[in-house]
Amino acid sequence: MQYPNFRTFFFRKKALVATPLFLFLGLGALKAQERDDRATILNFKGIQYTSKDSLFYTNFRFRMQNRLGYSNVLDGENNGKFDARIRRLRMRMDGYIYTPKISYSVQLAFTRSDQDFDDTGVPNIVRDAVIFYNFSDDFYISFGQNKLPGNRQRVNSSGSLQFADRSLVNSNFTVDRDFGISFNISKKLGAMPINAKAAISTGEGRPANSTDDGLAYTGRVEFLPLGEFKNGGDYSEGDIEREVTPKLSIGGGYSYNDRTVREGGQTGKYVQDPFTLKTAFADAIFKYQGFAYQAEYMRRDVDNPLNKTTGDKPEDTYAYKGWGLNQQTSYLLNHGYEIAGRYTYLKPHQQISAFEVQTEVLELGLTKYMKAHRLKFQLNANYTVKDGAYNNTHNKNSWGGMFQVELGI
């Protein structure tokens, strides 16, 4: 495993070498894709600091998503809603201590929607706080709070999406973040890379309360039959790299969350009676010469999905039982413009029919990439269909639009 000589980032004068030195090298130099499941300590160009003896190194990043949106239910009433806010504002620090084999990643969130506040009543500013031990480039373990090896769209950083938000399939079935230990290994079967990941975690996500007696067990496997993507492109949406040869990644996995006390396992409000969530997922992404296509299927089973929330005034609630399919495709035009389309289908189980109906979402997107995913302008339009009634016979359908600017280093 080769690591850069970080001493070249410092002045040679002894008095200055002893003090922290921060270097900003510009957005244009950053090429590697951001990975939320591993510390970024190689090939990074940004704000960096290292000790005189190179016994520790850290880099600093931030990113923000500012948005303006509008949505309206087609019920004949004047009830349109505007959404003008900072969707995400995050700071991230990655590095190593004493040896590059011991690395870490810390990510903090500073907006309400990023802090899980509405569900827990506690401002959880810590999104990631995880330590990695890197046995080699191909094998590492982690301990702490981090993303679980779940569905592809969740594993991808929110800063590497081609639409302003992830799909409803991810929103309803994701296993999200959790505290625990994970094992990650990459091998090649002939010329085909294979990535395998497994995690044992608390099952309660970013906890505001004490954990329950059950644990969560999550695993994921990925196959890349056409070889590796350029610059880790299988962890980002859209073919920004314009792959010269076709590239394909196929993944799948399963999560068993035993006796969780939250609606979505790692997410959602707290409930009175623990239940066990069994979530399966399969996904694929294909890229070639500016064209990209990805699909994601998720299914969740719960023996008894109906429940009540905790607190002084318990309310009826449920775990989302059912399945969903998300598909999206895009093409990168000249000068960094990308057009994209997305179709999402959600089918709830009849046990939760009092709360959920069949939902379909059609979306169109136009993105202008200034510096890949680090600086981009996104314009999205969507139309939501309930119960398959495209003619809106029951006044439940809705439409909306979103403009978002992503900026980060």
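Q: In what sense do strand β11 and β12 pair, and over how many bridges?
A: This is a predicted model, and in it β11 (residues 270-288) and β12 pair in the antiparallel sense over 12 bridges.

Q: What sits between those two strands in the hairpin?
A: The hairpin of β11 and β12 has two residues between the strands. Gln289 takes a positive phi there, near 50°.

Q: Which strand is joined to β12 by 10 bridges?
A: That is strand β15 (residues 322-332), and β12 and β15 run antiparallel.

Q: Take Tyr293 then. Which residue does Tyr293 stand opposite in β15?
A: Thr329. Tyr293 is also the bridge partner of Phe286.

Q: Is Tyr293 on the covered or the uncovered face of β12?
A: Tyr293 is on the uncovered face, along with Phe291, Ala295, Tyr297, Arg299 and Asp301. The covered face has Ala292, Gln294, Glu296, Met298, Arg300 and Val302.

Q: New topic. Where does Gln404 lie?
A: Gln404 lies in strand β19, which covers residues 398-408.

Q: Buried or exposed?
A: Gln404 is buried, because its relative accessible area is 1% and the cut-off for buried is under 20%.

Q: What does the side chain of Gln404 make a polar contact with?
A: With the side chain of Arg67, at 2.7 Å. Leaving out residues up to four places away in sequence, Gln404 touches Arg67 and others, including Gln65, Asn66, Arg87, Ala164 and Phe377.

Q: Back to positive phi. What is phi for Arg259?
A: Near 55°, a positive value in a residue other than glycine. Arg259 is found in strand β10 (residues 247-262).

Q: Now the whole thing. How many helices and strands are there in the protein?
A: Four helices and 19 strands. The protein has 409 residues, and 49% of them count as buried.

Q: What share of the contacts is between residues 24 or more positions apart?
A: 63% of the contacts with a separation of 6 or more.

Definitions and conventions: Residues are numbered from 1 along each chain as its sequence is written. This is a predicted model: local features need pLDDT of at least 70, side-chain atom pairs count only at pLDDT 80 or more; totals for chains, interfaces and linings use all residues. Side-chain values use heavy atoms; hydrogens and water are left out. Buried means under 20% relative accessible area, exposed over 50%, partly exposed in between (1.4 Å probe, protein chains only). Contact means heavy atoms within 4.5 Å. A polar contact is a pair of N or O atoms within 3.5 Å; within protein, one must be able to donate a hydrogen and the other to accept it, and residues adjacent in sequence count only if both atoms are side-chain atoms. Two strands pair if DSSP finds at least two bridges between them.
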